[in-house]
Amino acid sequence: MNKGVIIGAVVAVVVLAAGGLVISSLFQPVERELVSSAPAQLQSSTESTASTESTAPESSSLPETDPFVGAPIPQNEDMADSSWLDDAIFIGDSLTYGLSSYQILPEEQVLAHTGINPQTILTSECIETANGTKTVLDALAEKSPGKIYTMLGANGVGFLSSENIVENYGQLIDGIRELFPDVPIYVQSILPVTAEKSSDSRYANSKIDQYNADIAQMAADKEVYYLNVAEALKDENGNLPTELSGDGMHFGPSTYEKWLEYLRCHRAE
């Protein structure tokens, strides 16, 4: 065989062998990197998922906050028709009693009595029912309300402290909620008095405003709705217009209609 051919063949073999080593050396590190990096990526993904799951808020198990609790209910864009009040029960003193005595609402919707106040509303058997005279809560237990409106304080602001009214009022709200845990409860503000009545420091509208602020806070604490009905009846000076009341506090049918219109325009919906 020709010596040149033999030498050429040997060189070719050497070159091919060297090339194989180069190729092998090029691919082996990459393969090792891929193998070693895969578990790290999987571990990172697993840790990220676990971290997300551990920090995610358990919102589904928490009740949503009612946006209308904690502040007076704002005016709705529309006024509900009169049927909105068909399933309502009204609880209160002589001001609330006027709703039935003036035949603004049916008697069966009004659980109120002249002279009742926050201290006596839980114990006074003053509500006449088909089953005898009962306390407000006992009479309420016989009803099936869709919503409940309360208004107390007008007969207490002159001689009861704000703390006393709030404490007793809160007990009434607790009693109502125990009877009807799923029925909306609307706490209404104490209504203003005329300028002449307000001149008596015991019934001053500035004092009533402060009591109302405390009642509003009580409503927020109890997580029930608060209605600033007083604003619907105040004149530009913050008083009940003199021409609406003969005794400085009570009023007639037209003012009751204005009161109910306010309720129909301020609904927790």
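How many nonpolar, polar and charged residues are there, by class, in the lining of the largest pocket? I would like to come to that by way of the chain as a whole, bearing in mind throughout that what we have on the screen is a predicted model.

The chain has 269 residues, and 41% of them are buried; in terms of secondary structure, there are eight helices and seven strands. If we take the contacts between residues at least 6 apart in sequence, 72% of these join residues that are at least 24 apart.

Now to the pocket, the largest one, which has a volume of about 420 Å³. Its lining consists of 18 residues, and those closest to the centre of the pocket are Tyr 97, Glu 107, Val 110, Ile 127 and Glu 128. Helix H2 (94-101), strand S2 (110-112) and strand S3 (127-129) are the elements that each give two or more residues to this lining. To return to my opening question, the lining of the largest pocket comprises eight nonpolar, five polar and five charged residues.

With a threshold of 30 Å³ or more, the count comes to one cavity, and the largest cavity holds about 40 Å³ of space. Among the residues that line this cavity are Leu 95, Ala 154, Val 157 and Met 249, together with Ile 190, Leu 191, Pro 192 and Val 193. Tyr 203 and Ile 208 also belong to the cavity lining, which by class has 10 nonpolar residues, with no polar and no charged ones.

Key. Residues are numbered from 1 along each chain as its sequence is written. This is a predicted model: local features need pLDDT of at least 70, side-chain atom pairs count only at pLDDT 80 or more; totals for chains, interfaces and linings use all residues. Side-chain values use heavy atoms; hydrogens and water are left out. On a 1 Å grid over the protein atoms alone, a cavity is a set of points where a 1.4 Å probe fits but cannot get out, and a pocket is an open set with protein on both sides within 12 Å along at least five of seven lines; lining residues have an atom within 4 Å of a point. Grid points are joined across faces, edges and corners, and a volume is the space filled by probe spheres set on the points. Ala, Val, Leu, Ile, Met, Phe, Trp, Tyr, Cys and Pro count as nonpolar, Asp, Glu, Lys and Arg as charged, and the others, Gly among them, as polar. Helices (H or I, at least four residues) and strands (E, at least two) are DSSP runs, numbered from the N terminus. Buried means under 20% relative accessible area, exposed over 50%, partly exposed in between (1.4 Å probe, protein chains only). Contact means heavy atoms within 4.5 Å.
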